[in-house]
Amino acid sequence: MKHTLLGAVFAAAVALPAFANDYTIMAPAAPGGGWDSTARAMQEVMQAEGIAGSVQVQNVPGAGGTVGLAQFASTAAGDPAQLIVGGYVMVGAILTNASPVSLADVTPIARLTGEAVGIAVSADSPITDINGLVEMMKADPGSVSWAGGSAGGVDHITVGLLAKAAGVDPTKINYVAFSGGGEALAAILGNQVTVGISGVGEFLPQVEAGTMRMLAVSTAEKWPGTDAPTLMESGYDVNVQNWRMVAAAPGLSDEQKAAVAADVDKLANSAGWKAMLETKGWANTYLAGAEFDTQLAKEIETTTAILKDIGLVQ
């Protein structure tokens, strides 16, 4: 009887999934924005797919993600259970804030998603199309207040590029930075600002509910889920796609980095993640390993040039 019980316990233990890691994912922004959504999507899928037994999300907002990045780099070192999400916005914020901590101080693992940037107004706004908004900018750039993410991030860059394409001095735009998507959304819906700019996925629920109107998207081609025109087909030479990534802690051994990368690869190729991408309206831009390292270096170089061009970095 004793041997039978021990055998049953052993068999049950063997049958349980073996988790490489439990994880804590830092979203270096307030709840409600793209990084928070990405971290919580990862949490849901990693647990549902059996990639990790427990995944926690930690929000550390501030300065375009550089506050969270600095905290992560200093406190997570050597811990393979710690992850942080970031992306285009963080690249710009590191530059505009002259951050002493950069993505070189963590361990980039993979690019996960891509998303168009959407330009939207409240449903009761008198602005009905992107050309009407641009005409307001031409007449008085400061009269048009833009609610978006952190200064120097993809939202800010897109506004600057639109201004430049329309013949407006990009240094004169009235950009109001919010640390979380929820705060920006409230400002747009409450008509505290003229217009909002963010990832299309953050606006679509409100557009579908009839409380917001999408004026344009930033990508060269129309974005799934919305009939809004692109900036390019509206006559403005702007083509921007936001992207989000995941990084691990600094100071990992090659074996630890490989184990984390394997878990992220399982996530990116899982049925649950593919379904999540469709639900969120995110493009699958998964890129890992040396190819991602090379692409990230190019993105940093390109973003530096754009920020200098529109006057956000000297």
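Throughout this passage, a residue is called buried when its relative accessible area is under 20%, exposed when over 50%, and partly exposed in between (1.4 Å probe, protein chains only). The structure is a predicted model, in which local features need pLDDT of at least 70, side-chain atom pairs count only at pLDDT 80 or more, and totals for chains, interfaces and linings use all residues. Residues are numbered from 1 along each chain as its sequence is written, and side-chain values use heavy atoms, with hydrogens and water left out.

Alanine 98 is exposed, with a relative accessible area of 63%. Its place is in the loop between helix H4 and strand S4 (107-122); helices (H or I, at least four residues) and strands (E, at least two) are DSSP runs, numbered from the N terminus. Phi of alanine 98 is near 45°, a positive value in a residue other than glycine. Alanine 63, also not a glycine, has a positive phi of about 50°. This residue sits in the loop between strand S2 (55-59) and H3 and is partly exposed, at a relative accessible area of 38%.

Helix H4 itself (residues 88-96) is mostly covered, with seven of its nine residues buried. These are Tyr88, Val89, Met90, Val91, Gly92, Ala93 and Ile94. Their cover includes H2, helix H3 (66-75), strand S3 (82-87), H6, S9 and helix H11 (289-309).

Across the boundary, 25 residues of domain 1 are in contact (heavy atoms within 4.5 Å) with 19 residues of domain 2.

The interior can be described through nonpolar cores, each a set of buried Ala, Val, Leu, Ile, Met, Phe, Trp, Tyr and Cys residues joined through side-chain atoms within 4.5 Å. The largest core has 83 residues, of which Met42, Leu103, Ile119, Ile130, Leu133, Trp146 and Trp273 touch the most other members. Domain 1 and domain 2 both give residues to this core, so it lies between them. Apart from it lies another core, of 17 residues, among them Ala187, Val200, Leu204 and Met212. Leaving aside neighbours within four places in sequence, the contacts of tryptophan 273 include Met42, Leu112 and Trp282.

The largest pocket holds about 630 Å³ of space. Of its 46 lining residues, the closest to its centre are Gly32, Gly33, Gly34, Ser198 and Glu202. A pocket here is an open set of points on a 1 Å grid over the protein atoms alone, where a 1.4 Å probe fits, with protein on both sides within 12 Å along at least five of seven lines; lining residues have an atom within 4 Å of a point. Grid points are joined across faces, edges and corners, and the volume is the space filled by probe spheres set on the points. At least three lining residues come from each of domain 1 and domain 2, and H8 gives the largest share, six residues.

Helix H7 (residues 181-189), one of the elements supplying at least two lining residues, contains alanine 184. Alanine 184 is buried, with a relative accessible area of 10%. Its C-alpha atom is separated by 6.3 Å from that of glycine 148, 36 residues apart along the chain.

How values were computed: Domains from an automatic or database assignment.
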